[in-house]
Amino acid sequence: MSAASSHLTPEEAAFHAYYARERAALEQTCAARVALLQSLLSKARHIDIAKVEGRVKDRDECIRKFSRKYRAALEESGAPYEIQDCITDLIGVRVVCLYEDELEKVAQIVRSHFDVIDVTDKVSALEGTESSFGYKGLHLDLRTRPAQPRDGAPQHLPFELQVRTIVQDSWSVLDHKIKYKKSIPAELKRRINVLAALFELADREFRQIRDATDAELLGAPDETAEPETDTARAPAPGSELNAFTFLKIARHFFNDQEFDAHKVDLFVDDIRAWSPGITRAGFNALLRESIGTVKRYKQFYEAQNPEGSFNPYTVMRHCLYLGDKVVFRRALRNSSREAFEAWLQHEASAAT
């Protein structure tokens, strides 16, 4: 027997044996629970998941947690105990969301697939508390339901699920590194409290910005607005072309298309570089007046180039160029501009 093991209590020695015996099953169960949660959450609508990850808790970390939280009360009672029965997070899985109002949505999905042993809302527990630091999210102790389809992993092992936002997760990592948190000087305690409040504010601001973004995109495009001819004049508030106003107009003309946010940003930047001061009404008018012609050209182009790409951005580039060939000359590459002009001339000749 080693010097380290000779200092173990009988309960600790029993836990060492249990941990060695169950380690492979713990790892297998952890991987299976992560995979199941990834599958369940990937099907959920209106929940943005940053990551799902899991781990098996270190053996000695388990014993330290037991000693800190449970040993005194159990030994005071005199009742026999096993350490593993007190450690509900031997298997720990973490789901990291983007926004704070998604925590409960994840919890609802989880409750519909697992039996809930216990729930700890650490955000609510810390609100209004001056002597504790942290912003840690929602913790659920879970167990597989007997009727749940078998996935090859042991079914009897419970696990702890932590549901956090990215901000909460970042704070938890940093908070874990702060030593002696309960007995630090008052000035440092005040500074940590300020920092925790800033993290909480960041979570709230991210959610409110998301809500404001969604609200901007809900409005209908102003199809009756007339183009503003004085592009040198600063646009009136709300009349400028930006990502939100662009999407309202683009989705009207291309209602079966999805628009990637990154591509929208780049394209709007290009339009504003070609025509500084362009308004939403001006952009809308250019599309409305030219899109019929461009769609005919699109049919011609695709018939001639079966492998070619003529996506909504390509359509809009041609509309802008056709609407103002001087201002939007750079909207098309030379080869594209020459091919379009040749087709336009052919169409004009055929019409006469």
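Tutor: Residues are numbered from 1 along each chain as its sequence is written. The model is predicted, so local features need pLDDT of at least 70 and side-chain atom pairs count only at pLDDT 80 or more, while totals for chains, interfaces and linings use all residues, and side-chain values use heavy atoms, with hydrogens and water left out.

Student: How many helices and strands are in the chain?
Tutor: It has 13 helices and 5 strands; these are DSSP runs, H or I of at least four residues for helices and E of at least two for strands, numbered from the N terminus.

Student: What makes α10 and α12 meet?
Tutor: Contact means heavy atoms within 4.5 Å. Lys263, Val264, Phe267, Asp270, Ile271 and Trp274 in α10 meet Tyr313, Met316, Arg317 and Leu320 in α12.

Student: Which residues of α5 are buried?
Tutor: Buried means under 20% relative accessible area with a 1.4 Å probe, protein chains only. In α5 (residues 103–111), Leu103, Val106, Ala107, Ile109 and Val110 are buried.

Student: Why do we say they sit on the same side of α5?
Tutor: They cover an arc of only 160° around the axis, which puts them on the same side of α5; the arc is that of the directions from the helix axis to the C-beta atoms.

Terms used: Buried means under 20% relative accessible area, exposed over 50%, partly exposed in between (1.4 Å probe, protein chains only).
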